[in-house]
Amino acid sequence: MSAVYINSASCISVQDTLKENFFRDLNADQSVQILKAIDPNYKEFIPPAMIRRMSKTVKMSSVASHYALQEAGIEQPDAIIVGTGMGCSQDSEKFLKNVIDNNEEFLTPTFFIQSTHNTVAGQIALGLQCHAYNFTYVNTSSSLEFSFLDAKLQINDGEAENILVGAADEQTNRTMELYCLNNTIKKKEDLPADYLHSETDGVIWGEGAAFFVLGKNKAENSYARLRDIQISNRLDLEEAPSFITDFLSKNDLKHEDIDAVILGFSGDATSDVYYTKAMDTFQNSALLYYKHLSGEFNTASGFSTFMACHILKEQQIPEVMMINLEKKTEVKNILLYNHLAGSDHSLMLLERA
């Protein structure tokens, strides 16, 4: 299999990740239930008449994809692949509200058309006038990983050379209310959240969009080489160590070859035990976490992949992400492990380009 490189990375998140040297200003707010993404000035990228009709997911993705393509120096990608868990849920809510308010009669199709999950990939293609392969993955917390896997297979098979891959999810008022009611989101009395030693269930919810250009050829400013991805829908707690060990063995690596492990600790006591179990198998690696910076959401792994790319490129690890005191003089291999509420476990292996 030929190598696949991440040649650009862009992210809109709860942190100000669009600006340069954002590493210095990473800030964790653990005392609120819901974290909002920092919006760029959308008027600089999208005509005002179009902004009004776009959901936040589409707006975030349009800008993040613009930056990713610009950094990679690509005008027309050979494919556009997007992962999302909830899609354009703001428009979904508007459509369903219209259905109720109008007794299922005299409905305009606009909100329904804009609410479909593939709206993001479609809008990016329309903006670029790109008629290439266009696909959307909706696999809860492994949507980005499936998108990366698709892109990797296409590049390895010689079907494409440069592919725009991204993931995005937004918040909506009604969905957040429901998440509070079913205790997906932490209760106010359980705040501030303790991400690493939580004794309560529930998470702090976030949102964001992350986009990357995957390429066949290594560029001058490539971030990383995408070595491998593995996904498992269900995993028993006892199987977590072997899930990781088998994945590393498949790539001719041992635990000590991994310089940094980025774990998806979310503050949910019930499901975070998987990360604790995995953490015990890495004695000599720098152990990192990130959801205190991004919040939990279906495609939060886009934020961790973005952070991993910058760690590999800049060869420094932000202290705010560190679980242990292990400091590496060189970071060559990073392993990312993520799941959502104990389902859809994914491993991604990145190597310094």
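Residues are numbered from 1 along each chain as its sequence is written, and side-chain values use heavy atoms, with hydrogens and water left out. Because the model is predicted, local features need pLDDT of at least 70 and side-chain atom pairs count only at pLDDT 80 or more, while totals for chains, interfaces and linings use all residues.

Rolling a probe the size of a water molecule over the atoms shows where empty space is left. Here a cavity is a set of points, on a 1 Å grid over the protein atoms alone, where a 1.4 Å probe fits but cannot get out, and its lining residues have an atom within 4 Å of a point. Grid points are joined across faces, edges and corners, and a volume is the space filled by probe spheres set on the points. Two cavities of 30 Å³ or more were found by this rule.

The largest cavity holds about 40 Å³ of space. Its lining is made up of Cys11, Ile12, Ser13, Ala167, Ala168, Gly208, Ala209, Ala210, Phe297, Thr299, Gly302 and Phe303. At least two lining residues come from each of strand S1 (5-12), strand S4 (162-169), strand S5 (208-215) and helix H11 (301-314), where helices (H or I, at least four residues) and strands (E, at least two) are DSSP runs numbered from the N terminus. Strand S5 gives the most, with three residues. Domain 1 (4-215) and domain 2 (225-352) each contribute at least three residues to this lining; the domain bounds come from an automatic or database domain assignment. By class, eight lining residues are nonpolar, four are polar and none is charged, with Ala, Val, Leu, Ile, Met, Phe, Trp, Tyr, Cys and Pro counted as nonpolar, Asp, Glu, Lys and Arg as charged, and the others, Gly among them, as polar.

The second largest cavity has a volume of about 30 Å³. Around this cavity lie Glu145, Ser301, Ser304, Thr305, Leu336, Tyr337, Asn338, Ser346 and Met348. Helix H11, strand S9 (333-340) and strand S10 (343-352) each supply at least two of the lining residues. Three residues of this lining are nonpolar, five are polar and one is charged.

Attention now turns to charged side chains. Side chains of opposite charge can pair when their charged atoms come close. With a salt bridge taken as a side-chain nitrogen of Lys or Arg within 4 Å of a carboxyl oxygen of Asp or Glu, the model has eleven salt bridges.

One of them joins lysine 97 to aspartate 101, at 2.8 Å from N to O. The two residues are separated by about one helical turn, because they sit four residues apart in helix H3 (residues 89-101). Lysine 97 is exposed at 51% relative accessibility, while aspartate 101 is partly exposed at 48%; buried means under 20% relative accessible area, exposed over 50% and partly exposed in between (1.4 Å probe, protein chains only).

Arginine 225 and glutamate 351 also meet in a salt bridge, at 3.4 Å from N to O. This pair links distant parts of the chain, with arginine 225 in strand S6 (residues 224-232) and glutamate 351 in strand S10, 126 residues apart. Arginine 225 is partly exposed, at 27%, whereas glutamate 351 is buried, at 12%.

A further salt bridge connects lysine 327 and glutamate 319, at 4.0 Å from N to O. Lysine 327 is exposed, at 59%, and glutamate 319 is exposed, at 61%. Finally, Asp39, Lys56 and Glu207 are linked in a network of salt bridges.

How values were computed. 1 Å grid on protein atoms, 1.4 Å probe; cavity = no way out; pocket = protein on both sides within 12 Å on 5 of 7 lines; lining within 4 Å.
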